[in-house]
Structure formats: C-alpha cells, structure tokens
Amino acid sequence: MAKQAKTGNSYRIKPGYEGKDVWTPLPDYPRPDGAKFSLTSDLDQVDLAFLAEVVMYEGVEQVS
Amino acid sequence: MSLAGFARTCGLQSGGVKRVYLVAVPDIASLTLVSQTYTAATMEAGKVFKMYEFEPDTCEWKEEVKITNNCIEITKTLDFVLAKMSTAGRAVVSEIALASACGMIAIVEDNNGTKWVLGYTENFLKLRPLQVESIAGGTGKKLTDASQYVFTLKSTDNEPCRDFSGTVPII
C-alpha cells in the first residue's frame, strides 16, 4: 500500500517539473536519497507532502 | 515605505568564506524562495554544483549598492585563489572561462555557516548570472612568491543577495 501524507492531502508533480531533481533541507524522516528528490512517479505521497507543506515547493500541487 | 530598523546581536562572528560551489546556468532550473530565503534548488536531471577548494583566507564575496538617477544597481563580486599553476589549475581556468558565456550561479558558505546565492535573483532569475571579470594566473618572480590563479567573478542586478537554507546539490 502506497505511503500517504499525514495530513491526508494528496499531491502531484506539476507539469514541467517532471524529471528534474530538487534539493531541499534534509527531511526529518529517513529516505535513501536524503535531501535529493528526483521528481518522478517514484516519489510517494509522504515525499510530495514534505515538498509541498514543509519546503513549500512550487513544483508540487495539491490534487483536489 | 516605513523603515524597519535593525537589532544588533552580541554573538561572535567570523569574516571570510569556507566553501564555494558553482554551477553552470543551463544545469540549474530554479531556486525556491520562502520568506526571503532560498529553501530549495531545482536542478536539471543529474546535474549538481561543483565545489572549488581555494586557499584558506583567499576567498571573499562582496556586494556594492549604488543609486544613480534614483535607480538601484548592485554589483556582486566573488574572488578566490587556487594555488600553484598546474595542469589541474589550467583545466579549472578553462572550464570557468567557457562557462562564463552562459554564466554561473554560486552558493558561497561564509565562515559563520551562512550560505549565500550569487548570480540568481527574483527580478532576473538566471538572466544576470556571475561571469568572469578576470582570471589572473602567474608564477611570481621570487622563490617565495605565490604561484596561483586569482579568479574574479561578477554579476550586476538590483537585489541584495539572499541566503540558502537547503542542501547544496553536490555528490
């Protein structure tokens, strides 16, 4: 079962950002790539929620 | 606009620069700004910044604000020294000179641990990056003279530098 964001919100990568790498402050949960997030379908909702809610990254949007 | 003032802090501080990271403009997509701090760097796939190890106490970044005809102009300058003329040094000169055409963006970590972004602003994004002002290589004349390369990179825009709180993209 895919990991879900704690907030229950659902996020996706905005068009035009796929394939890029975003480097953020080190997240407070363990992940193999640390602060590097490759914007592909491999990112789970926990990663996308971190980008959207903590980093306020513009390349991720909430799915309504 | 009202002034906000400034509160002095009493902590110790250090001058100078600890680390310099550079990336060619085509390799970086954007920086994410939150509350006047860049929090994340978006890179083209697989691209990262490169660190340039300079001689201790030879690196400095400066910004000079000028107002002319009520127009603001801010010049950012980054100087650093690589020791000993060599084949490896020649390669650095070559790559930085070539990268100057499209320009470079720097993250400069000062000796207080604050990382600063040079060559990228919100008003211009990647349009006014750092470019080579000069690279001076020389052996000196005496046995005790320095054999070195002195790099000077410069950009001009209209915003003071911002700090970077994210993880510097390096491998």
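Modeller: Two residues count as in contact if their C-beta atoms, placed from the backbone, lie within 7 Å. By that rule, 72% of the contacts in chain B with a separation of 6 or more join residues 24 or more positions apart.

Biologist: What kind of model is this?

Modeller: This is a predicted model, in which local features need pLDDT of at least 70 and side-chain atom pairs count only at pLDDT 80 or more, while totals for chains, interfaces and linings use all residues. Residues are numbered from 1 along each chain as its sequence is written, and chains are lettered from A and ligands numbered from 1 in the order in which they are written.

Biologist: How many helices and strands does chain B have?

Modeller: Helices (H or I, at least four residues) and strands (E, at least two) are DSSP runs, numbered from the N terminus. Chain B has one helix and 11 strands, in the order β-β-β-β-β-β-α-β-β-β-β-β from the N terminus.

Biologist: Why is chain B called as compact as a globular protein of that length?

Modeller: The globule rule is 2.2 Å times the number of residues to the power 0.38, and the radius of gyration is taken over C-alpha atoms. For 171 residues the rule gives 16 Å, and chain B comes to 17 Å, which is close, so the description applies. The C-alpha atoms of chain B fill a box of roughly 55 × 40 × 35 Å along the principal axes.

Biologist: Which strand of chain B pairs with strand S2 of chain A?

Modeller: Strand S2 (residues 21–23) of chain A pairs with S3(B), antiparallel, over three bridges. A:Asp21 has B:Met43 as its bridge partner there.

Biologist: How many residues of chain B are in contact with chain A, and of what kinds?

Modeller: 14 residues of chain B are in contact with 14 residues of chain A. S3(B) gives the largest share of this side of chain B, five residues. The side divides into seven nonpolar residues (Ala, Val, Leu, Ile, Met, Phe, Trp, Tyr, Cys and Pro count as such), one charged (Asp, Glu, Lys and Arg) and six polar (the others, Gly among them).

Definitions and conventions:
Two strands pair if DSSP finds at least two bridges between them.
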